[in-house]
Amino acid sequence: MVGGGGPAPFSEIGRRARDVLTKDYNYDQKISISIPSSSGMGITATGIKRDQIFVGDISTQYKTERTTVDVKVDTYSNVSTKVTLNDVFSSTKAAFSFSIPDHKSGKLEVHYLHPHAAINSSIGLNPSPLLEVSAAVGMQDLALGGEIGFDTASSSFTKYDAGISFNKPDFSAALILTDKGQTLKASYVHTVNPLSGNEVAAEMIHRLSTYENSFSIGSVHKIDPLTVVKTRFFDNSKIAMLCQREWRPKSLVTLSAEYDSKSINAAPKLGLALALKP
């Protein structure tokens with residue numbers, strides 16, 4: 001695959017700000033255990049307690065130089081499989097996925113990476129497939145892209161979005177038109193201290209149909225090399241905080257909390273996540 005200075009896929013536009021504002025926030029009880037293997041086979045077990053319901057899954061991944069096979073089984077006996085082939089053609093990889101017992105879930109994906117373009121496409125493997133194509137052109141610093149989805153069963157577009165991003169090592173800005181042209185999102189993230197990795201981010205959302213505006217701001221503070229604290233503020237008076245500690249190599253414990261200052265009688269949301277990797 002081509003690397004270096006080419007643009008990232010369209011889905012990566014605005015990703016740095018989204019990571020600051022949303023990544024790792026969790027208001028359930030979650031535990032995951034990953035067991036790697038030198039033979040290329042890895043196993044991950046995940047369990048989530050949401051209210052009084054407990055759900056989980058077991059995932060396995062087998063990886064070779066050119067092929068990756070992912071298989072996941074959940075508590076409802078659904079089996080999801082994805083086979084990824086790298087370098088099928090020059091700068092191209094393909095992935096085939098399906099779920100059991102959903103016989104209409106088959107999907108073929110093709111990803112092409114070029115020094116000045118990144119193209120992703122997928123098609124459902126059924127008589128009335130869903131078609132999706134996204135593309136980004138430009139450079140690593142400046143990228144312009146869009147995506148469309150078309151449902152052949154109803155002969156209608158399921159999505160059409162567009163976006164532009166400007167990236168530098170110490171900041172990133174993005175403008176995305178989404179929800180079929182009904183929502184405009186502008187985001188910005190800035191690295192306050194390159195040595196520690198402290199960052200601040202903001203996102204403004206304008207709904208063109210209703211003229212409603214909303215915004216959120218967040219920050220990442222690295223207390224020490226093993227401890228991260230994140231904060232997030234919404235214009236609807238919700239405040240969130242996260243503390244993550246790497247208590248042993250690649251094993252994380254994350255505490256999350258969210259408080260709605262408008263709902264005085266409502267208890268704050270609390271979450272705990274454990275990620276263990278022996």
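Trainee: In this predicted model, is phenylalanine 150 buried, partly exposed or exposed?

Mentor: Read the relative accessible area. Buried means under 20%, and exposed means over 50%. Phenylalanine 150 has a value of 26%, so the residue is partly exposed.

Trainee: And where does phenylalanine 157 fall on that scale?

Mentor: Phenylalanine 157 is partly exposed too, at 42%.

Trainee: How many aromatic pairs are there in the whole structure?

Mentor: A search of the whole structure gives five. One involves the two residues you just asked about. The ring centres of phenylalanine 150 and phenylalanine 157 are 5.2 Å apart, with the planes at 65°.

Trainee: What do I do with those two values?

Mentor: The distance of the centres and the angle of the planes describe a pair of aromatic rings. Planes over 60 degrees apart count as edge-to-face. At 65°, phenylalanine 150 and phenylalanine 157 are therefore an edge-to-face pair.

Trainee: Which residues form an aromatic cluster with Phe150?

Mentor: Phe157 and Tyr160 do; the three form one cluster.

Trainee: Which charged end sits over the ring of tyrosine 25?

Mentor: That of arginine 232. The charged end is 4.0 Å from the ring centre.

Trainee: Now a helix. Which residues of α1 are buried?

Mentor: Helix α1 covers residues 15-22, and Ala17, Val20 and Leu21 are buried there. Look down the axis next. The buried residues of α1 fall within an arc of 90°, so they line one face of the helix.

Trainee: What do the buried residues of α1 pack against?

Mentor: Four strands: β13 (183-193), β14 (198-207), β15 (212-224) and β16 (227-234). Check the backbone just after α1 as well. Aspartate 24 has a positive phi of about 75° there.

Trainee: Do β1 and β19 pair in the parallel or the antiparallel sense?

Mentor: Parallel. Strand β1 (residues 29-35) and strand β19 (residues 269-276) pair over five bridges. For a reference point, lysine 30 is opposite alanine 273 in β19. Strand β18 (residues 251-260) also pairs with β19, but in the antiparallel sense, over seven bridges. There, serine 256 is opposite glycine 271.

Trainee: Last one. Where is leucine 177?

Mentor: In strand β12, residues 171-178. Leucine 177 is partly exposed, with a relative accessible area of 33%.

Trainee: What is leucine 177 in contact with, beyond its neighbours within four places in sequence?

Mentor: Tyr160, Asp161, Ala162, Thr183, Leu184 and Leu208. Take alanine 162: it is 15 residues from leucine 177 along the chain, yet their C-alpha atoms are separated by 5.2 Å. Tyr160 is also a member of the aromatic cluster with Phe150 and Phe157.

Note on methods
Residues are numbered from 1 along each chain as its sequence is written. This is a predicted model: local features need pLDDT of at least 70, side-chain atom pairs count only at pLDDT 80 or more; totals for chains, interfaces and linings use all residues. Side-chain values use heavy atoms; hydrogens and water are left out. Rings of Phe, Tyr and Trp (its six-membered ring) pair if their centres lie within 6.5 Å; planes under 30 degrees apart count as stacked, over 60 as edge-to-face and the rest as tilted. Buried means under 20% relative accessible area, exposed over 50%, partly exposed in between (1.4 Å probe, protein chains only). A charge sits over a ring if NZ of Lys or CZ of Arg is within 6 Å of the ring centre and within 35 degrees of the ring normal. Helices (H or I, at least four residues) and strands (E, at least two) are DSSP runs, numbered from the N terminus. The arc is that of the directions from the helix axis to the C-beta atoms. Contact means heavy atoms within 4.5 Å. Two strands pair if DSSP finds at least two bridges between them.
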